[in-house]
Every structure is written in structure tokens, then in C-alpha cells.
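Walk through this model with an eye on its side-chain contacts.

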Amino acid sequence: VSIAEGRLYTQGHDQAKQQDTIFCLDSVTGDEIWSHTFPAKTMSSAHRGGTLSTPSIDGKVVWASNREGKLFRFDSKTGRVLWQTNLMKKHGAKMPTWGFAAAPLLLHEMVVMNVGPVIAFSRKGRRIWKTKNYGDAYATPVDFTFRKKKYLAVFSGSGLTVLSRKSG
């Protein structure tokens, strides 16, 4: 779960209906404020379905991705979909063995996804850069500064990769 401003954001999977849902709940009462449901297949290799990543919150916006490579940007108050993409169909990511699991990393100027290749998007959804495919990727990138330069540490199928935050 992710919590901000009295709201709890999480994801769930309904195996019978073959659907994923992003939920926004009141963090005190547990009452549903909004939800967004969309088709998502149950993957036997992913614990009979289930979601694998955590929504990321940035004030007025919630970013969420699922194990099939769907990436969404929601209005945090209303749940309205502001933008979405399919990381496999539109950006060349390949399904990893256990499904996509990295959460969106929100940085000041961009959103970064580790999906084999590492892909950076603007906050409006325009692709800024994309790396080569480093293999199955399940970990969220980590932002760090070294000698006054900004980098990303990314764990993938081939080990630890350090990328320039600006260009990938």
C-alpha cells in the first residue's frame, strides 16, 4: 500500500473475473473513495494472479502498473485516468517470467519504469529515453547522487546497472 493525505492506494486481482483493480481507500475508515477496474489475466506463475507492485503517489497524481505491463496515471482525488500505456505493445518490453513487478519511480521531472529496458517518461506520459534490455526485471530503480551527478541504480536479470538519470 501507499498512503498520502489520508488516502490509502493499493491494487487487487479478481481471479474469477480476470480483472485488476486500483483502489483508493480512506486510510482511517477503509471506505472506498474510488476504484478503477480493467481486464487482467490470471498468471499461474504469479501466485494465481495477484498484483506485484505498489502504486506511487505524487500529490495530485497516482501512478500504478500491473504485472502485464499496463501503466496508468490517475487523478488522486477522483480516480480519473489521465494517461495510460501498454509497456509491451507500445514500448517493446517483454513479459518476464513472473510478470512485471517494479513500481513506478517518481522523480521531479519524470517517471521511471524498470521492465527489462529501463524507460523514462515525462510526467505527461511522453517517452524521454529507453535503454537496452537488461533482462527480467522485478525491482524498482533507486535514485542517487554521486559526485554531484544524478544516477539510477537498477537491478535486473543481468545484475546491477548504474544509469545516468538524464539520458539512461
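Glu 109, Asp 143 and Arg 165 are linked in a network of salt bridges. A salt bridge here is a side-chain nitrogen of Lys or Arg within 4 Å of a carboxyl oxygen of Asp or Glu. This is a predicted model, in which local features need pLDDT of at least 70, side-chain atom pairs count only at pLDDT 80 or more, and totals for chains, interfaces and linings use all residues. Residues are numbered from 1 along each chain as its sequence is written, and side-chain values use heavy atoms, with hydrogens and water left out.

Arg 165 and Asp 143 meet through their side chains at 2.9 Å, N to O. The pair links distant parts of the chain, 22 residues apart: Arg 165 sits in the segment after strand E15 (159-164), and Asp 143 in strand E13 (residues 142-146). Strands (E, at least two residues) and helices (H or I, at least four) are DSSP runs, numbered from the N terminus. Asp 143 is partly exposed, at 31%. Buried means under 20% relative accessible area, exposed means over 50%, and partly exposed is in between (1.4 Å probe, protein chains only).

The whole structure holds 6 salt bridges. Another of them joins the side chains of Arg 123 and Asp 58, at 2.2 Å, N to O. Arg 123 lies in the loop between strand E11 (118-122) and strand E12 (127-130), while Asp 58 lies in strand E5 (residues 56-58), so this contact ties together parts that are 65 residues apart in sequence. Asp 58 is partly exposed, with a relative accessible area of 34%. Glu 68 and Lys 70 also form a salt bridge, at 3.1 Å, N to O. Both Glu 68 and Lys 70 are buried.

Now the rings. The structure holds 7 aromatic pairs. Rings of Phe, Tyr and Trp (its six-membered ring) pair if their centres lie within 6.5 Å; planes under 30 degrees apart count as stacked, over 60 as edge-to-face and the rest as tilted. Tyr 9 and Trp 34 form a tilted pair, 6.2 Å centre to centre with 55° between the planes. Why does this pair tie together parts that are 25 residues apart in sequence? Because Tyr 9 lies in strand E2 (residues 7-14) and Trp 34 in strand E4 (residues 32-39). Tyr 9 counts as buried at 2% relative accessibility. Trp 34 counts as buried at 6%. Ring pairs link Tyr 9 and Trp 34 with Phe 38, Phe 72 and Phe 74 into a cluster.

A further ring pair is formed by Phe 144 and Tyr 151. Their centres are 5.6 Å apart and their planes at 25°, so the pair is stacked. Phe 144 is partly exposed, with a relative accessible area of 27%. Tyr 151 is partly exposed too, at 22% relative accessibility.

Follow Tyr 151 into the strands. Its bridge partner in E15 is Ser 164. Strand E14 (residues 149-156) and E15 run antiparallel, joined by 6 bridges; strands pair if DSSP finds at least two bridges between them. E14 and E15 form a hairpin with 2 residues between them.

Finally, return to strand E13, where Phe 146 lies. Phe 146 is partly exposed, with a relative accessible area of 45%. Its C-alpha atom is separated by 41 Å from that of Ser 44, 102 residues apart along the chain.
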